[in-house]
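Biologist: I am new to this structure and would like to go through its charged side chains. Could we look at it together?
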Amino acid sequence: MPLEHLLAALERDASTQAETLLSDARAAADAIAAEAEEAIARRRRDVLGARESELRVAAQVALGEARRAGRRTVLEARQRLLERVFAAARALFPEAMAGEAYRAALPRHVAAALQSIGDVPAAIHCPDGLVATIRTAVAQQKHLSVDSDARVAAGFRLATTDGAVEVDYTLDGQLERLKPRLALAVLERLGAQR
């Protein structure tokens, strides 16, 4: 029976070797699976981290755009408000020009404008309603003429006859020059009323 013992021994060795190989194969498969799971988890973290960074940047860009849009809306609303305020002021010009306070100050304004040209021949252009008042104010100035001009709605313009100097003393011109300061004052007052 030695052959049977030999075959049984070979069978046991083959079975032990097969179990060892199978166990090694399972261990290798488990190691490969664990490595794959770790690689997948690492890749998932990398992808999610990159996506999170993209989303964070996109959120910051969207927030910046929303802030700019909000500021633009506020600035446009302020601009519309200021335009209404200045339009309302312009609507008051005819009434202001007809008032005693304006007519009393007119000779002083004419004198201030005349300082910019000295004794150079010039013409003062004004609405028909101011011609008499201005002529009285400059009666002693022989180098000046006073002309009615329908293009000048409120106030007057002084222009040298050679065209070198023009002084705009219209209410529109004064409003334009004062607009930045008036705008700040209006907005400041509006802010104080909130």
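This is a predicted model: local features need pLDDT of at least 70, side-chain atom pairs count only at pLDDT 80 or more; totals for chains, interfaces and linings use all residues.
Biologist: Which residue forms a salt bridge with Asp168?
Modeller: Asp168 pairs with Arg157, the closest N and O atoms being 3.9 Å apart. A salt bridge here is a side-chain nitrogen of Lys or Arg within 4 Å of a carboxyl oxygen of Asp or Glu. The pair links distant parts of the chain, with Asp168 in strand β4 (residues 166-170) and Arg157 in strand β3, eleven residues apart. Strands (E, at least two residues) and helices (H or I, at least four) are DSSP runs, numbered from the N terminus.
Biologist: Is Asp168 buried, exposed or partly exposed?
Modeller: Asp168 counts as partly exposed because its relative accessibility is 23%. Buried means under 20% relative accessible area, exposed over 50%, and partly exposed in between (1.4 Å probe, protein chains only). Arg157, at 26%, is also partly exposed.
Biologist: How many salt bridges are there in the whole structure?
Modeller: A search finds nine. One of them joins Glu176 to Lys179, with the closest N and O atoms 3.2 Å apart.
Biologist: Why are Glu176 and Lys179 about one helical turn apart?
Modeller: Because they are three residues apart in helix α5 (residues 171-192).

How values were computed. Residues are numbered from 1 along each chain as its sequence is written. Side-chain values use heavy atoms; hydrogens and water are left out.
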